[in-house]
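Hi everyone, thanks for coming. Please take a moment to look at the structure on the screen, and then I'll walk you through a few places in it.

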Amino acid sequence: MDRSNHNLSGFRDNSIGETVDKPGIFVTLAAQGTYYSERSAKDHQLKKSDSEKFIQDLNLKSKQLSHVTWFGVYPLIIFTILLFYNSFNTRQIVEQPGTDSTKVEITNYDGLNIRHLPNAKSSILRSARYGETFPLLDSTNGKWLKIALHDSVGYVNGAFSTIRHHHTDAVIENSTYLSNAQLPYHCAGGILFFIFLIAWLRKIDRRQMEIAIFYEIDENLRPLYENFKKFFSEFAGAAKIWQHTGTQANLNLKSSGGAANLIHRYNIHFINGHKTPLEFFKTNVQIPAIQLQNSELFFLPERLLIKRDKSYTAVFYKNLKITAQTGRFIENEIVPRDAQAVDRTWQHMNKKGGPDRRFANNKQLSICAYSDYCFSSNTGLNVVISTSKKGAADNFANLLLQIGRLQQQTDVRLPVQPAQNKPAKKAPVEAKVDPIIITPPPSPDTTRFEPSKGNETIVEVTPTSAPIEISEIVASVAAAKIALSVQSPADLPEKPVVIDAAPFEPLKEDQTTNVIDIVPGDIKLNLDISVGFTTPTNFTSTTNHVYQGYNPDDYKLGSKYKSKLNLSPQEVIWLNKFIHYTNAFNGIEGCSIAVIKLYLTIIKKMVRRFANEPIGLQQRLEDIKNAAYKFSLHQPNQWGYYDHSQVKEATEADLYYTVYKKAESALREAWASGRSISPAFNARSPEALELFKRYIEPVLDEVIVELLPSMPAPDEITEIELNQKNSTRWKHQFERTMSDTNRDAKTIVKEIHSLAKLNKKNPSVENIYFEAAKLMAPIDKIEALGMYLYYVKFDQKSARIDNKPLNKTNQKQLFKTPEQQAEFQAIVDELIVFKDIKQSLKKVAGFYEPKRKTITLDNSAIKMAGQELSGTISVLNKYLNEEDEPEAALEEESMTVVAIAAPADTLVTTELNVLQQTLLDLFRSNDFTLSVGSVSQFAQQHGAFKNQLIESINEACIDLLDDVLIEESEDEYTIDPDYFKKIYAE
C-alpha cells in the first residue's frame, strides 16, 4: 500500500480572491450554499457556471490526443530501436579450426604388440588394446604401419589393424560488434532533440488539456473540511484495506471453517493523500484518492468524483449513502497486525465443531472483526470497502455525511457579484424553478438591487441584523440537528427574503437525464460496469448515450416477477420492501417462485388477522421502527448506520425480509432441501426485538403452520435442480419407498427408476441404485442384481469411478457358490466394456435357472481303454446309452462354508468383517482402550497389518459416524463409547 502521501496537509487557505487572474472553475463553499463560476483564458471575465460544466470539461479533456505520447514518446522509442539496430552488426569468429586426421585402429580382440621395428622379431615397445587408435605416420610398407606414440614411434601389423580417417568441423561463433563509431554522438543528439521536442509538445498538451478548479471555503466551515487530513489518514492507516467484488453462498461448510458465504475481495494497494484526476489538473486543495480494482475515487470538497477508464462522473455528498457494519470474517491468510481476532475455528470441521481428524494438515483459522463500508447512491454507485482495523473509516464516513447534511440544508446558489449593482443574467420565460426561501429574523434595513425591467430576473437580498453563525451550523450538523429553518411559502412573512435559485438556462427536453447540479441532484453514472456487488446496475460505456431511468427497485423481486406472476401493485410493493439475496435454494427459479407465493400468502393472512384487532399490522410495524430509531440515536457507532433517517427504512426492510426468510425456511423443510437458514429478525434494539417477538412472530408462526399442509410439491424441473444442488436429498424419498412393505418388488423398482430420473443431474445418482441393490437382496435377487448393474452403469459415467462391491452379507444372500459370484462378475465386466445394459439385464434374468452339466467324452481314449480293459466295454456302453436324468434330479454343487463365530450384538453397519468385529470386541472388553503394542500383537496373530486394520475400520464407519471411530494417541488407541453404541445395536 502506498503510504507516501498519507500525511495530508489539509485544505489550503487559498481563496478565489488570490486566484482572480487564473482561468478555471471557482467554487465557493459558504453558509448560503455552493456557488460555481468560471473564468475563461480569452476574455478573463468571471461568469456564472454550474457543477455540470466541470464534469463535461473533465470528460472532454481526458479523451483528447496526447501530443507527448504520439509525437514524442513513440517516435523516441522508434528512433532508439532503429539507431541501435543499424549501429551493431554480427561477424563469424573461428574459435577452433577444422581438422582432418588419419589414425590406425586396433581390430584384434586380443590386442596387438607394438614393435620397435617393422619386424616380428623386433622388440616390443608396448601392447595396444582392442579399439585403441594411434596417429598414422607411414603406410608405404604393405605389412607394417608406422604409428606415433607419445615419445617415440612404433610399428603394428596391418593385418590386425585398420586405417580410419577422422574429420572435425571448425567451431565458429557469431560475435556482435559496434559498426557505428558515431553512436554516442547520435544518441546524445537524438536525446537532446527529443528533450526539446517533448518539452514543446508538453506545452501544447498543457494548453489543450489543462483544467483548473479552485475552492474558497468560508472561515467558519474550514474546520469541518480540515478534518479531511485527520480522518482520511485514520482510514488509510489500516494495515489492510479491501474492496468486495462479489459474494456467493458456501455449499461446503466443513472444508471452509463453517463460513456461510464466500467473499471475493481485491486488496487495495494505492491510497493517496493527494492525487489529481488528470496530469494537467490544477487546484488549490488536496484531493484524497483510492485506487479500486476497476475505478478510482477522488474525494473533492463538495462531491465524490469517480473515474472509470477515461470517463468521469460525480456524486454530491448530500446524495451519498454510507452504511457500515462489523462482520466476522474467517481469515485464511496472514492476520493483519491491527485486526481484532474474536474467535478461532478449524479449516476442516466435524459435526461437533471440532477438528476433522481425517485431515493431517488441518490448521486453525482466526475469526476477525472487520469493518465494512458501503458507498452507494440512487444513481448506481455501489462500492463496498472493508478495513482490517475495526472502525478505521468511521470518522471519515461521518465527516462526508455531515458535509452532505450541510449541503441539503444550505442548497442555495448566490448571484455572481452581489456587491455590485449589475443586472442578473436573463432567464427564459419557460424556466420555472421554485425558489428556495430562507426566513431570517426581521430587520428594517433592506438593500434592494433592481436590474432593468422586462424578462430579466429581479433579485432581492435582505441582510439580517443577526447573521447566521456557520459554527452553529457545523455544531448542529455534528449533533444531527440542523439550525437552518426551511419553511414553505405559506409560512413566510409578508415580505420574505428571496434568493432566486434559477439563474441558469432551462434544460432541454433531451438533457434532463444528464444533469449535474447541486440543486437538482447528481450526474447519472456512465460507467460500463458495476462497482461493487450488492446492487446490479445497467451502465453504458459511451458518454453520448446516457443511462436513463435508473430505479433501484427494478432489481427487486416485485419488479422482477411483476409480469411473470401477474402481481398486483400492492404485492409488488410488499416484495420490493427488501433486498433479495440469492442462495443455492432460491436461486432455482421454481423455488424462488414458490417462496414468493408463500410469502405473499403469509402477508395477506396476517393483514386479515390483524384487521379485526384494535392495533393493525401497519401500526405494529411502525412501533417497531420507532423503537429501533430511538435506540439508534443513543448508539451512533454501534448501530452501523451513519444517517439516522435510514434506520426506519432499514428496520422495515428487515421486518419484511424476516417474513420472507421464514417462508423460505418453511419451504426448505417441506421440500427436504438440506440445510435450513436462520429466519431470525436481526434487530439491534432490544425493545424492537421484544415488540416483534410479542406482537408479530407468534401470529407469523401460526400462519405458517396453517399453510404447511397446503404447500405444493415441487415440479419435475425444480426437483431435478434441487437434487443437483443437494446430492443426498434423494435419501428421504428413498427411505419412504423402501419402508413401505405393502408393495411388491416390481413396484419398488419402478419407483427407484423414477427417483433416479429426478436425480439425472445429481453427481451421486449411482448411489441410489447401489443402496437399492443392498436392500433388495433379501426381497428379490434378480431385481437386486439388476439394481447393481444400473449402479455400475451410472458409476462408469460419474466423475470418479468407485466400483463399490456389495457387502459380504449381500453376497451370501445373492450367491450360493463362488462360481455364481464369478459368473456375475463376468457380466459386470462385460457391461463395463460394451456398455450394453439391456444385454446384461437379459443375462441376469436367467441367472438362477438350473444349469445342466455337459460331459465331453474323448472317443480315442475310450477305444484305448476298451483295448486295454475289454471287460469294461459293455459296462461303458450301457452307461453311454442311458438317458439323461431329469432336471429335478440334478444335485446342486456343494460349497464348503467355514463358520467363524461373530460377536453377539447386531451390527448397525454390515461392512465390518469378522476380524474387524473381533478387534472391536477386544476394545469393549478393555474399556475401549488398547495399547499400541496390544493392537500390533493382535494384527500379527491374525496375519494383518496394524495400520491397515485400524484404517479399514474407520473407513467402514465414517459414513455412519461422520468421524473416525478409533482415535490414536501417542501410545494407545481409544474408542468413544457413544460411537460404539451407534455401531452395535444393543
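**A short tour**

Let's begin with Ser-62: setting aside neighbours within four places in sequence, Ser-62 is in contact with Leu-278, Lys-310 and Tyr-312, where contact means heavy atoms within 4.5 Å. Before going on, a word on the background: this is a predicted model, in which local features need pLDDT of at least 70 and side-chain atom pairs count only at pLDDT 80 or more, while totals for chains, interfaces and linings use all residues. Residues are numbered from 1 along each chain as its sequence is written, and side-chain values use heavy atoms, with hydrogens and water left out.

Back to Ser-62, which lies in helix H1, residues 51-62; helices here are DSSP runs of H or I with at least four residues, numbered from the N terminus. Is Ser-62 buried or exposed? Ser-62 is buried, with a relative accessible area of 8%; buried means under 20%, exposed over 50%, and partly exposed in between, using a 1.4 Å probe and protein chains only. The side chain of Ser-62 also reaches the backbone oxygen of Lys-310 at 2.9 Å.

Next, a loop. Gly-674 sits between helix H11 (645-670) and helix H12 (686-707). With 48% relative accessibility, Gly-674 counts as partly exposed. Gly-674 and Lys-725 are 51 residues apart in sequence, and their C-alpha atoms are 9.4 Å apart in space.

Now for two helix pairs. Helix H4 (residues 222-236) packs with helix H5 (residues 394-409) at an angle of about 155°, and their axes are 8 Å apart. Axes are lines fitted to C-alpha atoms, for helices over the stretch in contact, and angles run from 0 to 180 degrees between N-to-C directions. H4 and H5 are therefore roughly antiparallel to each other, a label for angles over 145 degrees, whereas 65 to 115 counts as roughly perpendicular, under 35 as roughly parallel and the rest as oblique. Which residues of H4 meet H5? Among them are Leu-224, Tyr-225 and Phe-228 in H4, and the H5 side includes Phe-396, Leu-399 and Ile-403.

Finally, helix H24 (residues 932-941) and helix H25 (residues 946-961) have axes that come within 9 Å and cross at roughly 95°. That makes H24 roughly perpendicular to H25. Val-932, Val-935, Ser-936, Phe-938 and Ala-939 in H24 meet Lys-946, Leu-949 and Ile-950 in H25.

Key: A polar contact is a pair of N or O atoms within 3.5 Å; within protein, one must be able to donate a hydrogen and the other to accept it, and residues adjacent in sequence count only if both atoms are side-chain atoms.
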